[in-house]
Amino acid sequence: MARFDKRRPEWRDPRPASPFDLLRTVAGALLALLVAGLAVALVPLYGLFADEKRDGLGEVWPAALIAWGGLVFAAVVAVSHVWERVRYGRPIGWGPVVAVPVIVEAWLLGLVFALALGELR
């Protein structure tokens, strides 16, 4: 019966890292940061569903908290994905892009929550 620790080196990518791998990694990280910046810039839109008497996020601050928590979670997912690739010797490539759908989903979940809070009051 084969042991798993003997098979571990087979998981490594046999090809050496190329400059294109670094370029893909930087492009993927910039794309994830761009989407995160856009989501941060759009979180104040939740204030449209806030109470008219208040300014800012007003009554929908829990929705903004959900969106900000999703951004933090997306960063953790991206870092863990990149760390796993580094750990097993695979090229990082487009690894940071895994954060993009998490960021978009967190922003949309915050928007739905803000809409629900706006309807409840």
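Visitor: How many helices and strands does the secondary structure of the protein chain come to?

Guide: In this predicted model, the protein chain has 4 helices and 0 strands. Read from the N terminus, its elements follow the order α-α-α-α.

Visitor: Why are H2 and H4 called roughly parallel?

Guide: Two packed helices are described by the angle between their axes and by the distance between those axes. Helix H2 (residues 19-42) and helix H4 (residues 99-120) pack at about 10°, and their axes are 9 Å apart. Angles under 35 degrees count as roughly parallel. H2 and H4 are therefore roughly parallel to each other.

Visitor: Which residues of H2 and H4 meet?

Guide: From H2 come Leu31, Ala32, Val35, Ala36, Ala39 and Leu42, and they meet Ala99, Val100, Ile103, Val104 and Trp107 of H4. By class, this contact has 11 nonpolar residues, with no polar and no charged ones.

Visitor: Which residues touch the most other members of the largest nonpolar core?

Guide: That core has 20 residues, and Val43, Tyr46, Ala99, Ile103 and Trp107 touch the most other members. H2, helix H3 (61-87) and H4 each supply at least two residues of the core. Its largest share, 7 residues, comes from H4. Ala99, Ile103 and Trp107 also belong to the contact of H4 with H2.

Visitor: What makes Asp21 count as buried or exposed?

Guide: Asp21 lies in helix H2. Its relative accessible area is 7%, and buried means under 20%. Asp21 is therefore buried. The side chain of Asp21 is joined to that of Arg24 by a polar contact of 2.5 Å.

Visitor: How do you know that this pair at 2.5 Å is a polar contact?

Guide: The cut-off for the N or O atoms of such a pair is within 3.5 Å, and the side chains of Asp21 and Arg24 are joined at 2.5 Å.

Visitor: Why is Pro62 called partly exposed?

Guide: Pro62 has its place in helix H3, and its relative accessibility is 23%. Buried means under 20% and exposed means over 50%, with partly exposed in between. Pro62 therefore counts as partly exposed.

Visitor: Which residues does Pro62 touch, leaving out those up to four places away in sequence?

Guide: Pro62 touches Phe113 and Leu117. Pro62 and Ala114 are 52 residues apart in sequence, yet their C-alpha atoms are 7.8 Å apart in space.

Visitor: What share of the residues of the protein chain counts as buried?

Guide: Of its 121 residues, 28% count as buried. Among contacts between residues at least 6 apart in sequence, 69% join residues at least 24 apart.

Key
Residues are numbered from 1 along each chain as its sequence is written. This is a predicted model: local features need pLDDT of at least 70, side-chain atom pairs count only at pLDDT 80 or more; totals for chains, interfaces and linings use all residues. Side-chain values use heavy atoms; hydrogens and water are left out. Axes are lines fitted to C-alpha atoms, for helices over the stretch in contact, and angles run from 0 to 180 degrees between N-to-C directions. Angles under 35 degrees count as roughly parallel, over 145 as roughly antiparallel, 65 to 115 as roughly perpendicular and the rest as oblique. Contact means heavy atoms within 4.5 Å. Ala, Val, Leu, Ile, Met, Phe, Trp, Tyr, Cys and Pro count as nonpolar, Asp, Glu, Lys and Arg as charged, and the others, Gly among them, as polar. Buried means under 20% relative accessible area, exposed over 50%, partly exposed in between (1.4 Å probe, protein chains only). A polar contact is a pair of N or O atoms within 3.5 Å; within protein, one must be able to donate a hydrogen and the other to accept it, and residues adjacent in sequence count only if both atoms are side-chain atoms. A nonpolar core is a set of buried Ala, Val, Leu, Ile, Met, Phe, Trp, Tyr and Cys residues joined through side-chain atoms within 4.5 Å.
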